[in-house]
Every structure is written in structure tokens, then in C-alpha cells.
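Visitor: Could you take me closely through how the helices pack here? I would like to know which residues do the work of contact and which way each pair runs.

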Amino acid sequence: MTPRAGYTATIFLVDLSPSMGTTRTLDLPPGPNGEPRTKQVTHLQWSLQFAMLKIQEMIFNGRKTDQCGVILFGTEETDNVVNRKDGGYDHITEFIRIAQPNADTLAKLATLEATDVAGDPIDAIVVGSETLHQYLATKRTWTGKLVLLTDGESPIEVEKWELIAKKVKDFNRQLTIVGVDFDDDEIDFHEEGKSHIKRENEIFFNKFTAAIPNSVMGTLSFALQEVTKPEVKQTRSALIATTLRLGDPDNNPLEAFEIVVKTSKCTALTRPTSWKRFAPRVCKPTDSMDVDLAPSRDEEGLVDSQKMVWAQLKMRTEFHVEQEDEDEGNEDVVDADSLKKRGAKVEKEQLVRGFKYGSSYVPCPDGQFARLSTHKGISICGFFDADNFRREHSMGEVQYVWANPDSPQQQVALSSLVKAMDRLNMYAIARWVTRDMSDAKMGVLAPCRFQKVDCLLWVQMPFADDVRKYTFLPLQNLTNRKGEKVATHPYLPTYEQMEAMDRFVDAMDLMEAGEKDDDGNQSPWFDTRISYNPAIHRMKQALFHSAVTQDLVADPLPQPHVELTKYFEPPKTVLTRAEAAVDNCRTSFAIKKVPKRVARPRKNDHARAQDDDDETLLLDRVAPSNHPQSRLHSQPEASGSRSQSQTSPAVVKPVIPRRDDNSATDPESDEDVWLPSRKKGAKLPTPSPEPGIATDPQRAPGRIIGMATPLADFKHNISQGDVVSKAVEDLGWAVKEVVLRPFAGRRHAEMITCLEELREVCLQEDEIDAWNRYVSLHYLLYDLEAIGNSILRELKMECAKEPGNPAFWGEIKKRKGDLGLITASEAARYGGKSNILDASMEEFWAI
């Protein structure tokens with residue numbers, strides 16, 4: 001079991017002897033330009049860094065049962081519990097009494113300075129031990145710790161030290177001695193030029209800590225590294241009583257049983273510290289929300305009577321009624337007793353919960369619907385083979401399920417169940433209800449056997465509604481527009497490329513890239529148990545450093561601990577081993593460095609067309625959407641008339657983007673291969689859409705008609721200028737794309753309307769040949785001389801194969817009088833020409 005967190009009282013014994021004022025130079029992280037930086041600190045300031053880091057950890061955890069105090073030795077005055085009771089033990093002061101630490105604790109420590117009086121660390125240990133003994137007299141289950149911070153340069157009275165060590169041992173206190181530049185064999189550190197007093201004191205401290213169990217001594221530099229080392233926060237979770245049942249004890253007690261169990265957390269998710277938001281405001285210096293007490297000054301340097309402070313922003317929720325525009329002035333909607341103006345405030349008690357149902361909401365007051373009748377406990381629904389457990393389906397945190405510690409009978413019963421499941425390699429499906437009438441959770445119970453106790457592990461599993469299955473096109477299969485499978489293509493890897501990548505993956509294997517074990521075998525390089533979250537620990541380090549540092553420029557944030565960054569880069573041995581495989585991949589895939597694209601300068605984010613009237617305008621290039629067309633869109637009427645198009649002076653022509661010459665992997669024709677999304681080509685320098693203009697996501701590049709609202713786009717483009725031919729061509733394309741898509745039946749009526757409008761425009765605008773060609777393309781009726789063999793044969797093959805859309809053609813036949821080919825006689829009435837004879841119409845519909 002993990003030891004109980006908190007319930008610890010720690011006293012820091014700080015040496016203020018004159019030698020603690022000796023200065024030393026510490027290295028800082030490099031500057032912005034890589035220049036080396038250092039700072040000067042005293043031995044006392046360096047030692048207090050360790051105490052502050054330990055105290056900050058207590059403040060960060062926020063436990064009321066994690067307390068500390070500070071006793072100084074080497075002070076000019078005397079104030080301690082032993083002196084007040086029996087006298088003696090001079091120059092020892094209880095600086096901070098034992099309590100839960102806060103920011104004031106750190107501020108007081110930062111004010112300490114070395115004195116001219118030498119202190120005795122043994123006397124300080126006696127005073128600290130007695131102080132802990134008196135404070136913990138009523139807290140028998142608490143742990144007492146003593147932390148001694150010294151440089152060992154002051155004389156020590158070692159008479160009767162065995163009795164002192166025995167007393168500390170009898171009180172069950174833990175002693176930690178942190179010395180400035182103490183010798184440490186574990187890290188192979190030995191100070192040169194050590195004084196005789198310090199050398200003798202270190203020998204004595206080694207003997208003294210050896211006589212006290214759970215006591216250690218070390219050097220300060222290593223202690224600072226260890227205290228900043230990332231560690232997993234381990235706590236002992238509180239036990240929650242519940243019942244584990246199998247069967248139905250209420251209705252069939254002879255074939256069911258219940259075991260009284262208790263649950264606790266096995267894992268807990270940890271997130272980085274959340275940020276608080278602050279905003280400046282002007283207030284009086286005595287304001288209780290002040291977080292910055294420095295006086296503000298105006299531009300002339302005079303103290304301002306109104307001080308600028310930073311106040312924390314807190315969330316406040318208010319509810320207001322928003323009246324719809326169409327309801328304004330409607331007396332039937334809003335009566336005289338209701339809220340009369342927009343934005344009226346509503347109290348939370350006046351609100352009811354509701355569910356969204358389409359575009360409206362269904363109110364559901366509390367208690368209106370009966371909840372599922374559930375009973376507290378864990379009910380086993382059945383068992384299954386452990387090999388069938390889907391680890392990727394586990395949700396949330398893992399929980400322990402223990403037998404009642406106070407009942408041996410319950411412990412034997414649960415242990416029997418665990419042993420049986422373990423022997424048969426079975427898991428259990430269980431239903432957990434935390435309290436009566438609460439929502440049930442489904443999960444899995446797995447047997448877990450420790451050395452002296454058996455238990456179950458619980459993890460929540462998803463319901464069928466929580467599981468989503470997404471299908472993707474296979475990467476190894478590529479088909480063209482004809483439906484034929486493509487075997488060779490730049491998007492398909494060759495055998496040599498597959499082999500090169502296999503060798504690269506094998507070379508980067510980390511399972512045998514770690515250190516050797518006792519048997520000489522290579523261990524895995526990555527271990528999840530010692531892999532720490534950089535966001536959590538680095539932010540924690542920054543928080544601790546900023547809390548005790550006045551100037552972050554002069555004293556910047558130290559480098560992260562090596563344990564935090566050791567998995568940032570792959571091991572060098574693996575990189576060396578994989579060099580040949582990397583070169584092989586670079587050659588096989590023809591990898592080249594892509595030059596950085598230089599953005600063209602634009603004015604106001606727009607590409608301006610030249611003033612020359614003969615300059616063609618570029619069409620918007622909008623990426624097609626991946627969403628299937630499955631909704632019948634309304635077709636708003638376009639403003640303007642066709643007559644206006646004849647007087648419009650603008651000439652709009654489509655511009656095809658030029659392909660990059662250095663593209664070695666582009667296919668010969670993107671139209672030949674069907675892919676989920678088209679490869680992005682060079683962007684056209686088209687004007688950016690103005691704010692408020694909706695861009696059709698289903699408009700293909702180079703098209704002026706989209707598939708979302710084709711009729712509205714068609715009417716709009718016809719009214720704009722001389723783009724009739726382009727609009728007719730693109731509407732025919734849009735109709736063909738829509739009717740050949742899945743769920744096209746929902747838009748049959750819309751597409752028939754589009755064809756009627758298209759036929760009328762072709763008659764009036766002398767685009768008769770285009771209509772006859774597109775009707776032939778859609779319905780497999782063609783004129784070989786006008787259209788050509790290759791297009792018709794390819795289209796006939798595509799439309800005739802599955803799935804096609806024969807239902808749409810059936811609806812067209814019902815309206816053959818309005819949607820047939822434009823014959824010569826009908827074209828003559830509009831001043832046009834057609835090569836379709838009236839006698840061929842029956843043959844047309846018979847095909």
C-alpha cells in the first residue's frame with residue numbers, strides 16, 4: 001500500500017554562522033545570444049534554495065496535514081522551548097512555528113542573513129527534536145522530520161552524542177543533513193582544500209546519521225538536483241464502502257451471494273496547473289484585491305493617488321432573454337405581463353432544462369422523467385476470456401476493489417473469487433452504481449494478486465453508443481475513373497520502397513536500445529514508469545522559481561532536469577545504426593528539400609486586377625468538400641435578369657493553374673485516378689472573399705457552379721456578364737456529379753428543375769449544341785460527329801456500370817416533352833440551329 005500522504009511535520013534547522021556568509025559563483029542558463037552567465041550567492045542563500053523548494057512543494061500540494069517550521073542556530077538572541085524550560089541551548093531561535101506553510105513563510109526565509117555568532121548543529125537537533133515531540137504529542141500517527149542545513153565550518157560539541165542520537169531514535173524522528181560541498185562518494189564529489197574542522201565534522205555527521213534509522217547525509221548540489229527531479233505524485237486514496245454481488249440476492253438468494261468490499265483509486269489523471277486571468281484596474285491602495293502593492297506614477301514621475309493593481313478575473317453567469325426579430329411588435333407572441341424588452345435578466349430559478357430537438361428545444365423540468373431504478377453496488381453480469389479484452393476500449397481511471405479489511409470472512413470470499421478468475425484466465429463484466437438511483441457504469445473486473453492480499457481491478461468500458469467505427473479507403477488500392485485497379489502510380493509504393501522502409505523501421509527499434517541488465521541483455525530504451533509529463537513538471541518548476549525570484553532577467557529559470565528531457569531525443573546508438581537505412585530511404589523515395597514558398601505581397605489581403613479592360617479576371621478556386629451531398633437545398637432566385645448580361649462589359653474566363661515543373665511525384669493526370677481529395681496545386685492569385693460573402697465548399701476548382709446550390713449559382717452567373725457558355729458547361733457538370741453520387745434520389749426534383757432552366761437558357765442564348773451534348777452525356781445518347789468517340793465511350797462505360805442512376809433517367813422519361821433534345825424545328829423558332837431532326841426523337845427516347 002502507498003503510504004498516507006501528508007500528516008508530516010518538518011523542521012528546518014538553518015545555520016546562520018559567519019561562514020554561511022561566504023560567497024560563491026553559480027552558473028546560470030546561457031543568455032539570449034548564447035553568452036555564459038553567472039551569479040554570486042552566499043552559502044546561506046544557496047542552502048535556503050533547498051528549504052524553499054521543499055516548502056513550495058507543501059504549498060503546491062495544499063494539504064493541511066503537511067506542515068513545517070524553521071529553527072535558526074547561530075543567532076544573536078535565544079528563543080526556544082528547551083531554553084524556556086531548562087535554560088541553556090543559547091543562540092537558537094524558533095523562527096517560524098510549525099504550521100501549514102504559505103507565501104509568508106517563503107518571504108521570511110528570504111530575509112535571513114548570516115550573523116557573527118557561531119552555532120552548534122547538535123544543540124539545534126536537540127531543540128528541533130524536543131519541539132517536534134511537544135507538537136506531535138497529540139498526533140501519534142504523524143511523522144516528524146528534521147532537516148539540517150549547514151556548511152560544517154563551525155565547531156561542534158560532540159560530548160554525549162550517543163545519548164542524543166538515542167533520544168532522536170526513540171522519538172522516531174527522521175534526520176536529513178544537507179551540507180554545502182560535503183563529500184559524496186555516490187556522485188564521486190570531494191572538495192579540495194577542505195578545512196580541518198569541516199573534515200572532522202563530516203566524519204562525525206556520518207557516524208551520527210548511521211546511528212539513527214531512516215537518516216541520510218548528502219551534499220547540497222546533489223540535493224538540489226534531487227529535489228527538482230520529477231516524481232509521480234503518489235497518494236493513498238480513501239476507501240469507499242460498497243457491495244459486490246453475483247446473481248439476484250433479493251429474488252433468488254440461494255443462487256447468489258454478496259461480498260462487502262471497499263474501493264479506492266489505482267490511478268489518477270494529473271493535468272498541468274491551470275492559469276488564472278488577471279486584469280489591471282484603478283483602485284485605492286487599501287483595496288483588498290491588491291496583488292501588486294507598488295505605487296504607480298504618472299508621466300512626470302509623481303506618485304498617482306489612484307493606484308493601478310492587477311485583480312483576478314472570476315466567472316459570473318447571468319441569464320438574459322433574447323427576443324426574436326420577427327416577434328417584435330407581435331402582440332400575440334408577447335403579452336403585457338411577459339418580459340417587455342430585449343435583454344431582460346432572468347433568475348436561474350426561473351429556468352428549466354431542455355433538450356435540443358432539431359432547430360428547437362424541448363423543455364424538461366427536473367423530475368419530469370422517471371430515472372432508471374438502480375441500487376448501489378457492483379453487480380457481476382458474466383465472465384469472458386481475458387484474451388478477448390480490448391485494452392483500447394478502456395475508459396477513465398482504474399479502481400481497486402478490496403475486501404472489507406475488518407471482516408476475515410469477506411476477505412476469504414473475495415480471495416476465492418480472485419483466485420478462480422486468475423486460474424481460469426477470466427475477466428468479469430460488471431455494472432457499477434455509485435449510489436441509489438444514479439446512472440450505471442459498465443466495466444470490467446480483472447483479478448489482481450499481490451504478495452499478501454488479493455483484489456480486483458475495475459476499469460470502465462464504453463457502451464455500444466459510445467463506440468464509433470470509421471472506415472477509410474485502403475491505401476494499397478487505387479482505382480481510376482473507369483473503376484480499374486491501378487498497379488503502378490506515384491501514390492503507390494514500389495517493392496524497393498517497401499523494403500527500404502522496413503529496414504528503416506527495424507533499425508529504429510528501441511526494444512533493445514537501453515542499458516544492459518544483470519544478465520548482460522539489452523533492455524528496452526523507453527520505460528513508461530519513469531517517463532514524466534514535461535508540461536506538468538516544467539510548469540511546476542517555473543512556478544516555484546518565479547515565486548521566490550525577484551528578477552527573472554538576472555536569475556532566469558534553470559534548465560529542466562535531465563530526467564525530464566532524456567526521452568526528447570532518440571539514443572545516439574540507434575541513430576548511428578539507422579544511418580544506412582535512412583540514406584537508402586532518401587534514395588528510394590527521391591526525397592528533396594522543398595524550397596520555402598515566398599508569399600506574394602498583397603495590399604489589404606487582396607490581389608488587385610489591372611485596370612486594362614482586356615485583362616481576364618481569375619475565378620475563385622475553392623477546395624471541394626468531403627461531405628456527401630445528401631440534403632435537398634433550396635434554390636433562391638438570383639437578382640437581375642438575363643437581359644442585363646448582354647450589356648455587361650466584363651469578360652470572365654477560366655484560368656487553369658499551371659503545374660509545377662519540379663514535381664517528380666505528380667500523376668500525369670489527376671482526372672485519371674479517383675482519390676478521396678484532390679492534390680493541391682498552385683494557388684491562383686484570386687481576390688480573397690470579402691467579409692460576409694459565403695463561399696460554396698462544394699464548388700470544384702475552376703468551376704463557377706457549385707453542387708450545393710447549382711440553380712442559384714447558375715442564375716447569378718447568367719446575370720453577371722458574358723459567361724453563358726461557362727455557366728452552361730458547369731451546370732451540366734454539376735447535375736452529372738450530383739445524380740451519380742450516393743443518396744442522389746433526395747435531389748431528383750431539384751436536378752430536374754436545373755435541367756429545365758438549363759434547356760431554356762440554351763434555347764435563348766444559342767447554346768443548343770451544348771444542351772444536346774450534355775443531354776447525350778447524361779443519358780447515353782450521343783451524336784458521334786458532334787461529340788467524339790472517346791468521350792462517349794468513356795462516359796457510357798461509367799454511367800452504365802454499377803451503381804449508376806437508372807431511377808433518375810426514369811423520371812426524365814416522364815418529362816420527355818420538356819427535357820428532350822432540341823430539334824431543328826424548335827431551334828428555328830428561336831433563331832438557332834440544330835442537327836437533330838424531329839423524326840429522330842422517338843429513336844432518342846427508345847435508347
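**Helix packing**

Guide: Helices α1 and α7 run roughly parallel to each other. This is a predicted model, and what follows should be read as a description of that model. In general, two packed helices are described by the angle between their axes and the distance between the axes. For α1 (residues 43–61) and α7 (residues 220–227), the angle is about 25° and the axes are 10 Å apart. An angle under 35 degrees counts as roughly parallel, which is why this pair gets that label. The crossing of α1 past α7 is left-handed. On the α1 side, the contact is formed by Trp46, Ser47, Gln49, Phe50, Leu53 and Lys54. Leu220, Ser221, Ala223, Leu224 and Val227 meet them from α7.

Helix α9 covers residues 495–507, 13 residues in total. From first C-alpha to last, α9 reaches 18 Å, close to the 18 Å expected at 1.5 Å a residue. Its buried residues are Gln497, Ala500 and Ala507. Viewed down the axis of α9, these buried residues fall within an arc of 90°, so they line one face of the helix. As background, an α-helix has 3.6 residues a turn, so residues three or four places apart point the same way. The face of α9 turned away from the buried side carries Tyr495 and Asp506, which are exposed.

What lies over the buried residues of α9? The cover includes α12 (572–577) and α13 (579–588). The axes of α9 and α13 come within 9 Å and cross at roughly 155°. That crossing makes α9 roughly antiparallel to α13; angles over 145 degrees count as such. The crossing of α9 and α13 is left-handed. From α9, the residues in this contact are Glu496, Gln497, Ala500, Met501, Arg503, Phe504 and Ala507. Their partners in α13 are Ala581, Val582, Asn584, Cys585 and Ser588.

Thr105 lies in helix α3 (residues 103–110). Its relative accessibility is 7%, so Thr105 counts as buried, the cut-off being under 20%. Setting aside its neighbours within four places in sequence, Thr105 is in contact with Ile55 and Ile96.

Conventions: Residues are numbered from 1 along each chain as its sequence is written. This is a predicted model: local features need pLDDT of at least 70, side-chain atom pairs count only at pLDDT 80 or more; totals for chains, interfaces and linings use all residues. Side-chain values use heavy atoms; hydrogens and water are left out. Helices (H or I, at least four residues) and strands (E, at least two) are DSSP runs, numbered from the N terminus. The expected span of a helix is 1.5 Å times one less than its number of residues. Buried means under 20% relative accessible area, exposed over 50%, partly exposed in between (1.4 Å probe, protein chains only). The arc is that of the directions from the helix axis to the C-beta atoms. Contact means heavy atoms within 4.5 Å. Axes are lines fitted to C-alpha atoms, for helices over the stretch in contact, and angles run from 0 to 180 degrees between N-to-C directions. Angles under 35 degrees count as roughly parallel, over 145 as roughly antiparallel, 65 to 115 as roughly perpendicular and the rest as oblique. A crossing is left-handed if the near helix is turned anticlockwise from the far one by less than a right angle, and right-handed if clockwise.
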